[in-house]
Amino acid sequence: MEKLKVFISQPMSNLPKEDILKTRKEIEDFIVTEYSDKDIEFINTYFEGYNSKYEITENINIPLYYLAKTLSKLAEADLAIFLEGYEN
């Protein structure tokens, strides 16, 4: 079975973790159904501890830091899904 690495971009700003993960699960279920002939691997782009002092110890631009992390994950993907509002 062919492997398919999937990147999901979704709105996260000012949303509770539960809402983000619920939306993510819904789209993951849809993708698994639509690509049932593929071995799906979802690339995790929900970073626990956003703005956490444990991960970031330098004086840096935090939104830019996470954008860079996200773009590096996007580069691994075979398929990118952009949900409504992703640009926010």
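1. Rings of Phe, Tyr and Trp (its six-membered ring) are taken to pair if their centres lie within 6.5 Å; planes under 30 degrees apart are called stacked, those over 60 edge-to-face, and the rest tilted. The model is a predicted one. By this rule, the count of aromatic pairs is three.

2. Phe7 and Phe82 make up a tilted pair, with 6.3 Å from centre to centre and 50 degrees between the planes. This pair connects distant parts of the chain, since Phe7 belongs to strand β1 and Phe82 to strand β3, 75 residues apart. The two partners may be described by their accessibility: Phe7 counts as buried at 2% relative accessibility, whereas Phe82 has a relative accessible area of 43% and is partly exposed.

3. The rings of Phe47 and Tyr66 have centres 5.7 Å apart and planes at 40 degrees, so this pair is also tilted. Because Phe47 lies in the loop between β2 and α2 (62-74) and Tyr66 in helix α2, the pair ties together parts 19 residues apart in sequence. Phe47 and Tyr66 are both buried.

4. The surroundings of Phe47 deserve a separate remark. Ring pairs join Phe47, Tyr65 and Tyr66 into a cluster.

5. Helix α1 consists of 18 residues and spans 26 Å from its first C-alpha to its last, close to the 26 Å expected at 1.5 Å a residue. Its buried residues are Ile20, Arg24, Ile27, Glu28 and Ile31. Viewed down the axis of α1, these buried residues fall within an arc of 110 degrees, so they line one face of the helix. They pack against β1, β2 (38-43) and β3 (79-82). On the other side of α1, Glu18, Lys22 and Thr33 are exposed.

6. Where is Gln10 placed? Gln10 is found in the loop between β1 (2-9) and α1 (17-34). Its relative accessible area is 7%, so Gln10 is buried. Leaving aside residues up to four places away in sequence, Gln10 touches Ile20, Thr23, Arg24, Leu83 and Tyr86. The side chains of Gln10 and Arg24 are joined by a polar contact of 2.7 Å. Arg24 is itself among the buried residues of α1.

Definitions and conventions. Residues numbered from 1 in each chain as written. Predicted model: local features only at pLDDT ≥ 70, side-chain atom pairs only at ≥ 80, totals over all residues. Heavy atoms only, no water. Helix = DSSP H or I, 4+ residues; strand = E, 2+ residues; numbered from the N terminus. Buried < 20%, exposed > 50% of the residue type's maximum accessible area, 1.4 Å probe, protein only. Polar contact = N/O pair within 3.5 Å; in protein donor to acceptor, adjacent residues only side chain to side chain. Contact = heavy atoms within 4.5 Å. Expected span 1.5 Å × (residues − 1). Arc of directions from axis to C-beta.
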